[in-house]
Each structure stands twice: as C-alpha cells, then as structure tokens.
Amino acid sequence: MSDRLDDLERRIDELRAGVRKAMRVRDGATARALRAELRTAERAWDALVSGEPAQPKPEPPRLVTVREQVHQGLRLLGAAAQPRLVVAVSDAFFGGTIRSAQLTSLRRDEERSFRSSPHGRPYYLCAALTDRLSPARGLLTLSAWPLERRVVGPLSPRVDFLTCAVAVASHESPDGRADRLLLRMARNIPGATDGTLGPPDPDRVIEAARAELRVHGDRDTRDRAELAERAAAQLGDAARLFGAATLSTIKKENAK
C-alpha cells in the first residue's frame, strides 16, 4: 500500500505541475485534460487511504470546444474558408454552437501555443498565406494540410469557394440549415440552380462547380505550387503556419 501511495502522490504532484505550466502558456485544452486526470488520481488516493474502493463519478457529456468545432468545419470544407462559412458549416452539419466573434482571437491563441510548445498539438488552426507570405485576413486553414492548400494566389479565393461548395453539396444532412447554406452558395455559381426558391439539386451544384474549377484549376495549381515553394524556402516553422511579419508589423515592433 505504501508503494502505491507514493506512486499516486508523485503522479499528483506531476499533474499539478503540468496544469500550472499549461495555464501559464494559456493552453486550455491541455490544462483541462490534466485536471481531469488529476481528479481521478486524487480520488484513487482518497480511496486507498480510507480503504474503500474508488467510486468513479459518471463523466458528464463531453463538450466540443470552439477549437474542435472549427476543426470539424474546416475538415468538411477541405479548403481555406472565412469564419462565417466555418460557423455555418458547423451549425448545419454538426449542431455547432460557435459564433463568428469567438473566432477573432483563435488564430492568435493557436500561434502563441505553437511558439510556446512547437508541434505540441496534433493540429493547429492557422492562417492562409498570401503571395507576400503574410497571413491572409480572415482565412482559416489547418496545419495538417500541405502548403499548396494553405497559400492563396489570385484565383484561389474563387477556387476555394467552389471546392467548399462541392464539399457542402456532397455531405447529406436532414437539417434545413444545410439546404439553406447550399442554396446561398449555389446562387454564386453559374448554372448551379434552376431559378426556383427551393433547395438546389446537390448533383447540379457539384457539376456546375466542377465545370468552373476546370477553367481555373490548372492556373491556380501552378500559382499555389510557386507560392508553396517560396514559403518552404524562406519561412521558418511558425511562419509557414501563421505567416511572415509584414513591414508594418516590423515597424511597430521596432518602435517599442
């Protein structure tokens, strides 16, 4: 029993230190996971001291964090997207609860987490990169995507929109919000609707979007490949995910 108590006490000390460290770097997800493990270890310690078997408390329903909801939305879309589209997809397909305002500081939080513990997470929500290799305003991507999908050239906004439209049309959902989202997107694609007010035919949306993608796709692919090559050669790990500092940023930093 003594050895078991010693092991539990060492583990409790380690978990408490881990929670403090995670809180210092504002890594909320890691802190929450460590606190849950800490509570389990403390209950086991109490049970061992009292001689009573540990009674595990029923786990409450797991809440999906804003970060995870954004990740779900981007994975479905498969291309760089604006926050309002990510919110709409999360709402329509995953019953999401996020609002656009909650995404304002999310990318900055992700960058802080990466810089404090590089590659410490399986994925990061990061910025798309412009032709200047700076962060594109209001465009979110996933770090797990190759650079070619995270850079944006002149035609990329349109190509990404069409790619997202195909993704939305390809996913079924009984929720009427999915139909309304697809209708809004289809209205911006020539030939994707029949002019009625009802939900568009997903197959028709996909066909129309792919027809336009064939027009722009090759040029956009070449532009992205060139930008990705520049980014890989010129940027460090953090800048490849979150963009290089712009001239105005450098001036502000030097003025401090």
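Okay, let's start at the helix contact: on the α7 side you've got S156, R158, V159, D160, L162, T163, A165, V166, A169 and S170, and they touch P202, V205, I206, A209, R210, E212, L213, H216, D220 and R224 of α9. Sorted by class, that contact between α7 and α9 holds 10 nonpolar, four polar and six charged residues. Keep in mind this is a predicted model.

So how do you put numbers on a pair like that? For two packed helices you give the angle between the axes and the distance between them. Here α7, residues 156-170, and α9, residues 202-234, sit at about 145 degrees, and the axes are 8 Å apart. The crossing of α7 past α9 is left-handed.

Now, zooming out. The chain has 11 helices and two strands. Reading from the N terminus, the order goes α-α-α-α-α-β-β-α-α-α-α-α-α.

On to the strands, then. β1, residues 125-129, pairs with β2, residues 135-142, in the antiparallel sense, with four bridges. Is β1 covered or exposed? Mostly covered, with five of its five residues buried. The hairpin has five residues between β1 and β2, and L133 has a positive phi, near 65 degrees.

Last, some whole-chain numbers. Of 256 residues, 39% are buried. The accessible surface is about 15,300 Å², and carbon and sulfur atoms account for 52% of that. And if you take contacts between residues at least 6 apart in sequence, 60% link residues at least 24 apart.

Terms used: Residues are numbered from 1 along each chain as its sequence is written. This is a predicted model: local features need pLDDT of at least 70, side-chain atom pairs count only at pLDDT 80 or more; totals for chains, interfaces and linings use all residues. Side-chain values use heavy atoms; hydrogens and water are left out. Axes are lines fitted to C-alpha atoms, for helices over the stretch in contact, and angles run from 0 to 180 degrees between N-to-C directions. A crossing is left-handed if the near helix is turned anticlockwise from the far one by less than a right angle, and right-handed if clockwise. Contact means heavy atoms within 4.5 Å. Ala, Val, Leu, Ile, Met, Phe, Trp, Tyr, Cys and Pro count as nonpolar, Asp, Glu, Lys and Arg as charged, and the others, Gly among them, as polar. Buried means under 20% relative accessible area, exposed over 50%, partly exposed in between (1.4 Å probe, protein chains only). Two strands pair if DSSP finds at least two bridges between them. Accessible areas come from the Shrake-Rupley method with a 1.4 Å probe; for residues, only the protein chains shown count as cover.
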